[in-house]
Amino acid sequence: MAFERNPGTEFRLDWIEDIYVNRSAAERRAATIGTRRTVKNEWQIGWLLKAITLIDLTTLSGDDTPSNVKRLCAKAKRPVREDILKAVGFSDRPITTAAVCVYHSLVPTAVEELRGSPVKVAAVSTGFPAGLSPLEARLEEVRSSVREGASEIDVVIQRGLVLRNEWKRLYDEVRAMREAAGHAHLKAILATGELATLRNVAKASWVCMMGGADFIKTSTGKEAINATLPASLVMIRSIRAYAERTGYLVGFKPAGGIRSARQALEYMYLVCEELGREWLEPHLFRFGASALLSDIERQLEYHVTGRYAAFHRQPMI
Amino acid sequence: MEGSASKQGLRTDIIARAFENMEYGPAPESEARAMAWLDAHKRRFGHFIDGRWVEGSVHFVTRSPARGTVLAEVPQGTEADIDLAVQAARKALPKWQVLGGHARARYLYALARAIQKHHRLFAVLESLDNGKPIRESRDIDVPLVIRHFHHHAGWAPLIEREFPDWVPVGVVGQIIPWNFPLLMLAWKIAPALATGNTVVLKPAEFTPLTALLFAEICKEINLPPGVVNIVTGDGRTGAALVRHPGVSKIAFTGSTEVGRIIREATAGSGKKLSLELGGKSPFIVFEDADLDAVVEGVVDAIWFNQGQVCCAGSRILVQESIEQRLLARLRVRMEKLRIGDSLDKAIDIGAIVDQSQLARVVGLVEQGEREGAKRWQPSWACPESGCFYPPTILTNVHPSSTVAQVEIFGPVVVVMAFRTPEEAVALANNTVYGLAASIWTENINLALDIAPKIKAGTIWINCTNVFDAASGFGGYRESGYGREGGKEGLYEYLKPRWMSEAKEIIEEPEVEAEFSSSSFPRDIGLPPIDRTAKLYISGKQVRPDGGYSYPVRGPQGELVGLAALGNRKDIRNAVEAALGAFSSWSRMSAYQRAQILYYIAENLSVRREEFAARLAQMTG
């Protein structure tokens, strides 16, 4: 069965008007997910290998140049050392990250480096990270990244529209971005750390999904507060409710501050418990991360050798 | 994964399968240290009376309900055992009382911290003996136990000032249930000791092991003999304790039936009594609640500890307008619950405590169905061996149904609809019990309106099964009386000074009425302030990741203290810290490093005698 992209819906204010999110309850659930579920030994290895295939390996620095982006792409294609892959029985199975994620000007480099590999190129766009440039400029940025070969576009929403409850305007902007992206998949970044309340997070999630986002993503990585489990929980539950209501499955991408294998597993437990197993695939779940990969490698090496490796033993990103 | 030095021989087929189907797989907590502790006692215990182990005559076994295996034998306490224990408690009373609140606080702090030092051992033992998930014993029961002792250690020095016209009751007999064996022990023992009483405690026959480990802790911290006595046994042992004339108060947690018997037995005897009994607590969901929060609330209300919780939210009262939506979401959630061995770290529901309790749950659900209730259980199956019952929802239940009235004490919740807030209150109060209630709404006005209208000792708003030592817990109606926790809980272990019999038990209480440092009895002496030796990693004193300690002994085998038992994660953290510090340390000039070494020497020199004494103590 081919996966059908979320086409979005018409704008339905009544779907978001009576959304309630109980903050302390959400925090309780988020705080216990990592204590209610765990995976060990071979199962942990399986989950960590899966986690690698879910990573959008990311570099979003002002000083990015082709040389470090090339290094990133090489790592995305070969994220795990050959000897480790062999020991876990995956030497004949190509494991790659899902995508690399870069700024627009590095898209050509990434496209070139990743040609022929399954790793996709994602570009952050629309005046990332603040999203406050003129709408037409933001849309043109999307279109030009797609022209350059990006197959996934991570767009930011205007947080002010959420804080001022201008839901219809937010919807119209996301719709326009979806159209600008065309065949490229659209990940809408909510920047939950700047939305003030979990209720706003839920409403913004709904508006982005109605607007046709393929993924909703927590953060740019540039806010003071990036991905958190409570905000993720609220987004995940919105995705579930949207699927129940419309039949369309929307993906989820936590990003920013996810550095350890343990954190990654917690997000996966949360998705598995609240959404279900089918979401733990690259077309419905991504991590926006870079250092995470090294920690996962280190954890895998521990499983293989019985010893924790220093970071210098992993080929750097 | 402690002690797993090499991981060669990975089963790659399992890895491949886990990668495909993303199943959780087994995640067992190690039981090795708990088993070693049982083995050290040759799997056969005595009573703990007057600070020593007393052999029993007849023994019975305690089992792991998740596995059906025998864990150990414990003695059936006789009237003579109870008498011995009460005599010991009486003998200990005068010295314990004259010691004063400050010294008692030190003992209580020492108990709290000793439990902390062994917290994983307590948690594993509790889960083995009771069947509850290790997550709960590790993250909820044992932390609450520690908190309870800390809280009451804080109270102990304040008793004379805060309760000037009250005196301790004397020897307290305490009988506790099997659902929270160690937590109920803490709820009983901590306030009794803080207020200057001595105790004889009988743990439940199904779950005596953590109480026996606690007895060992009492020895470890040198609690004066006789202050805490633990006698194991069944209902007959409890009855002997209730009847004993040397006992001034009975504190009981358990079933309403037994509570009633105890009340009859103590009536007219002058014994003070507190009872914490059954419940059928309402879980009230209004239409403006956050339904996802409610669903997790139900999980915490009725599937926490397999529903074997006296304050379990076992009656869901839901506004009719959202009943079907809530039920649909609950069913989805229930499919995700995991049941299994109590030491698996990734389960939600463990084993029912005993076959007899399981039979009771099965019987009541069958009766409910005969009366018209519809049963819903998730599609997955329970483990075939062991004492398990799946999470269950009963609908088409009415106030007239048996299952809406009696306490099932299992993972079974009944659902009834209401139309208006008034009807919700009426249904909530339509019970012989009154232990707790929870209210779910996003409307604070509604919550504040409904909460005081419900006859229950505890009302939770948008949460459930939340406990704290500072908040009194107890019931209305047939849920019993008396409170545990908070200042209100202390009155259960005190009586007005004017009561004449106080003179019999309390020797010269007036001496201690004035609290001052000069009132410390010098001949008994203050117990030392308990110290926790931690690990030193990255400039911080940290507790060991594994939660275990080991004894450090002197040349004659005497206990010098407890040291933290580091595991591979502690080592990893320490190595990481050392690696992190290496570059800055090595870049320092030799002169700077010399200055720091000199600074260490300077401080060592100040504590020269302490180090010398410690070395002498350890090496002779």
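Visitor: Is A:Arg298 buried, exposed or partly exposed?
Guide: Going by this predicted model, A:Arg298 counts as partly exposed, because it has 18 C-beta neighbours inside 10 Å. To be called buried, a residue needs 20 or more.

Visitor: Okay, and where does A:Arg298 lie?
Guide: You'll find A:Arg298 in helix 13 of chain A.

Visitor: Which residues is A:Arg298 in contact with, leaving aside its neighbours within four places in sequence?
Guide: Those would be A:Tyr308, A:Ala309, A:Phe311 and A:Gln314.

Visitor: And how far apart in space are A:Arg298 and A:Val146?
Guide: From C-alpha to C-alpha it's 35 Å, and the two are 152 residues apart in sequence.

Visitor: Switching topic: how many residues of chain A are in contact with chain B?
Guide: Chain A puts in 34 residues, which are in contact with 35 residues of chain B.

Visitor: Which elements give two or more residues to that side of chain A?
Guide: There are helix 2 (23-36), helix 3 (41-53), helix 12 (261-274) and helix 13 (291-305) of chain A. Helix 3 of chain A has the largest share, with seven residues.

Visitor: What's that side like by class?
Guide: The side of chain A that touches chain B has 16 nonpolar residues, plus nine polar and nine charged ones.

Visitor: Now the sheet in chain A. What order do the strands come in?
Guide: It's an open sheet of eight strands, in the order 7-6-5-4-3-2-1-8, and the pairing is parallel.

Visitor: Which strands stand at the edges?
Guide: Strand 7 (251-253) and strand 8 (287-289) of chain A do. Each has a single partner strand, so one side of each is left without a neighbour in the sheet.

Visitor: How many bridges are there between strand 1 and strand 8 of chain A?
Guide: They pair over three bridges, in the parallel sense. As one example, A:Leu57 has A:Ala289 in strand 8 of chain A as its bridge partner.

Visitor: Which strands does helix 6 of chain A touch?
Guide: Helix 6 (residues 107-114) packs on the sheet and touches strand 2 (99-102) and strand 3 (120-125) of chain A. The direction of helix 6 makes about 170 degrees with that of strand 3.

Visitor: Over to chain B: how do helix 5 and helix 9 cross?
Guide: In chain B, the axes of helix 5 (residues 119-130) and helix 9 (residues 209-220) come within 8 Å and cross at roughly 150 degrees. That makes the two helices of chain B roughly antiparallel.

Notes
Residues numbered from 1 in each chain as written. Chains lettered and ligands numbered in written order. Predicted model: local features only at pLDDT ≥ 70, side-chain atom pairs only at ≥ 80, totals over all residues. Contact = placed C-beta atoms within 7 Å. Helix = DSSP H or I, 4+ residues; strand = E, 2+ residues; numbered from the N terminus. Nonpolar A, V, L, I, M, F, W, Y, C, P; charged D, E, K, R; others polar. Buried ≥ 20, exposed ≤ 12 C-beta atoms within 10 Å, placed from the backbone. Pairing = 2+ DSSP bridges. Axes fitted to C-alpha atoms, helices over the stretch in contact; angles between N-to-C directions. Parallel < 35°, antiparallel > 145°, perpendicular 65-115°, else oblique.
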